[in-house]
Structure formats: C-alpha cells, structure tokens
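Subject: Structure for your files

Hello,

Here is the structure I said I would pass on. My notes on the salt bridges follow it.

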Amino acid sequence: MKQIDSGQDRVTKNGTFIFPKDQELNGEEIIAFIGYNETVLNEQYRKNMNAYLGKHSILSEPNQKADNINSKIVDNKIKPLVDSYNGFFVGIPPTVSSDEDQVSDAVQDWNNANSFQDQLNEISKQTDIYGRSIAFVYQNEDGQPRLKYSSPTHAFIIYDDTVERNPLAFVRYKLDDGESYTEAKGQIQYADSFYSFHGTTINDDTETNEYATNPYGIVPATEFYENEERQGIFEQVLTLQNELDHVMSQKANQIAYFDDAYMFMFGIQLPEDDDGNPSFNFKKNRLIYAPNVDPNSKPEIGFIAKPDADGMQENMIDHLQKSIYENTGIANLRDENFAGNASGIAMQYKLLSMKDKADSKERKFTKSLRQLYKIVFATLFNDSAKQQAWSTLSFHFTRNLPDDIATMISSAKQAEGMVSHKTQLALLPFVKDPQSELDQINKEKQDSIKKAREAADVLPDYMKNGEDNDHQEE
C-alpha cells in the first residue's frame, strides 16, 4: 500500500482506495484520489477499452516503409473473447429468490422495474474489460430505490482501513473537455450524508437531492470485480494481441509485395522509337529488360522469384491465437474442436478451465449482490425485519451452454428426495424463479382439488357413495 499525497489517502496494489475509518475526506484528499484514478488507473482502463473496441496500437504506428506498402490490420480476438465469456457467465440471467413469498415477490418486482438482468449483464461485461464495475442505488421522485451502474473511469469506492475493508465513501465525478482533474466536480456519499464538490470545495449536496442525509444508512454503492487483482480477463494477453495484429499486417504487406513483382525479358528485342530506345514504360509496368545477353542462350520471359514466408507466418498466427485463449483460460467456442455433437461430459472437459474461472467470478458476484440488495432493502421495505431479509436471498447462476433439456429434466427428477423441491427446480435453467414456480405448482394442485370437489358435488348420491344402481334396487 502506498500513500497518494501528503494526506491520509492510500492505494493498494490492486488499485483499491483506503482511508481511515470514521473520518471524512477534505477537498485535497478527494482530488488526490481522483488524480490517481485519472493519471494511473484510467491509463489501463482506456487501453483495455480500446483493445475491446478494436482500436489497437498498430493503427497509430507511423509508416516507416520506403515502398509505402504498410497494411494495418486488426485481427481483434479481445471482443469475441469478452462477449463469449460474458455470455457464458450471465447469458442466462441468474435467479434471485427468497423463502419468504412476500420478499421474493418484492425482489422480482424491483428487478423488473430496474431492468436488473440487463444492467447486471453490462456490469459483468465491464468487470471483464476493466476488472471492476460499480453499481449504485438512488431514490427516484417516488422515493423508490433505483439502480444504475458506472464504469471505474469516473467513479470509485473508498474503503476504510480496517481488516474488513468496509465501504467508507462512494465518489462520482466528471470532467469537461480540456479540464484538469483538479477541476473535477461530482458527489461524495458517506453512510450518513451526501456532499457535492467542485475542485477542493465541498458543500452539502442539496442541489441534486431533496436531502443531504443518506436515506440508506450505508454507503449506497457496491463494487463488482472479476478477481482480487482487479484485472480484466485479457490484460495479460494484450502483447499477444498486438503481435497478432503485426503478423497479420506483415502477411498483407507480403501479398502486396508479390503483387508488385517484377517481370523480366532476356534476349528479346522490343520495338524501338526513332532514338533507338524501347517503346515501353519499364518503371510503370515493373519490367526488367535485357535484349542483348549471351547469344548462345535462349530468350526467356518470367517473374523474379521472391522469398515466401507464408508457412512460417501461418504457424505464428495459429500459435498466437491459441496462446490468447489458453492464457485467459477461456475456450474458443468458434474453434473446430467444438464442432460436431460432442457428449455432455466431453464438452465439460473442454470448458473446465472456463468453468473454473466463471465459478470464481460467481463467488465474487454473489458477495457483491448481497451487499447491493442490503442497500435496496433499506428503503424497499418499511418493516425492519424484512429490511434484514437480504441475508436470506439465494442466487443461482446457470452457465449458458447448449443443453439437453430431456437430460436436465431427468437429472432434476433424480434429485428428488435428496434436495428440496425449490433446489430441484433451480437445477432447470429455464425456471427463472423457483419459488414462483413452486407457488404456481401448489396453486394448480389446489385448483385441481377444488375442481374435483365441485365435480363430486353434482354427482348422484349412489355415485358419491361408490355404490352401483343395481345394488340399490335390490
């Protein structure tokens, strides 16, 4: 951990901001954190986003070739890598449920009102790119908690200096074009109050909110992160991606070079003009002309052979592409190894490293989701008991892969008696809300019983008693 300036602000090796517990930052310390975010962390954030968008370094490299053959090709493996992994992780939205029907219904309503699944997808993608993302809660005009996410390029959470590293403050800021970070303006939110700031000047935040008091009682933001190092999933293979761009560009240059191949004509006489010069533009048509050679040799026309490195280049391209996926632990789902009808077990082995990576990310996300709902429940419910129900929430993530529905149903049936019916239903990825599904099953059973009773009421007495008509006549 190192000190940022002469104040009490600190930053850890993974770019986490630390400040003493139960203390408020002064203007200089806020600007120091913003300065570190802008000048140090944002440099890597911008590099990562440019890699994802295909704005690679080769595009800005100067042309140093005398023949002006300078292809600049971006063979972007970063974007499909991120999109595939993000789809694998949250392509099927995770289910959030509670044992209490009222709590579960309230959570589903809140999720729907906030397009939660879509926002979680974007949060997950940001963690893949930047290594971290921030979700924060605010109150709308009706006093209802609402959710937004922010990239770490202009927002961050400051943690206290205790062992638990609890959130101390949430800072959002913006810079107008051409402004220095010392002119940043934004908001800082503590557990008890909100403040606005412009540069080093701090004021009660009563302009952007109806109150300066924090209605949640805790810092209303939580950090989602990919790993403890806060690294994007492809940061360690950026050099491989850059080299792949260079090899592809060199290959294109070589093709253009062969298009410029020179023809030669030996021992052949071309028509001449009045001055005795050949009537031909040798430079424009790239021709080497030698009419007077050994008289004993035969006339010859052809092209000058140039060295061919195509095989070496193809091997290098193949090696770089494989290394990118192997070093990230993410499977190339477009690879021919995934073609055909592989068995479920074989597919699991191919995706084992990717699954392990996603399992680790899931544990981090589950922790952050609990903190997020803790914030939401503080104003979603008036009942203090229900405000603590966030701790009982269950989160079920399903990896997004081609599934054999019949096999999955069979597996769920085999789990009967070993797990609860709710857990049994959670094994089926197409069941978004296991508790709601259980309620619907119970409702259908009750309806069936009710209909059976109604049908029994209209039967004749002898049918109700189970006796046939002939027996009664005797």
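Is glutamate 223 buried or exposed? The model is a predicted one, and in it glutamate 223 has a relative accessibility of 7%, so this residue counts as buried, the cut-off for buried being under 20%. Glutamate 223 sits in strand β12, residues 221-225.

Its side chain makes a polar contact of 2.5 Å with that of tyrosine 159. Beyond four places in sequence, the residues in contact with glutamate 223 are Arg132, Ser133, Ile157, Tyr159, Arg230 and Ser368.

Arginine 132 also forms a salt bridge with glutamate 223, with 2.8 Å between the closest N and O atoms. Arginine 132 belongs to strand β5 (residues 132-139) and glutamate 223 to strand β12, so the pair ties together parts 91 residues apart in sequence. Arginine 132 counts as buried because its relative accessibility is 7%. A network of salt bridges links Arg132, Glu223, Glu228 and Arg230.

The whole structure has 18 salt bridges. Two others I looked at:

- Lysine 251 and glutamate 314 meet through their side chains at 3.1 Å, N to O. Lysine 251 is buried at 13%, whereas glutamate 314 is partly exposed at 37%.
- Aspartate 447 pairs with lysine 443, the closest N and O atoms being 3.3 Å apart. Both lie in helix α13 (residues 434-457), 4 residues apart, about one turn of the helix. Aspartate 447 is partly exposed at 31%, and lysine 443 is partly exposed at 47%.

Regards

Notes: Residues are numbered from 1 along each chain as its sequence is written. This is a predicted model: local features need pLDDT of at least 70, side-chain atom pairs count only at pLDDT 80 or more; totals for chains, interfaces and linings use all residues. Side-chain values use heavy atoms; hydrogens and water are left out. Helices (H or I, at least four residues) and strands (E, at least two) are DSSP runs, numbered from the N terminus. Buried means under 20% relative accessible area, exposed over 50%, partly exposed in between (1.4 Å probe, protein chains only). A polar contact is a pair of N or O atoms within 3.5 Å; within protein, one must be able to donate a hydrogen and the other to accept it, and residues adjacent in sequence count only if both atoms are side-chain atoms. Contact means heavy atoms within 4.5 Å. A salt bridge is a side-chain nitrogen of Lys or Arg within 4 Å of a carboxyl oxygen of Asp or Glu.
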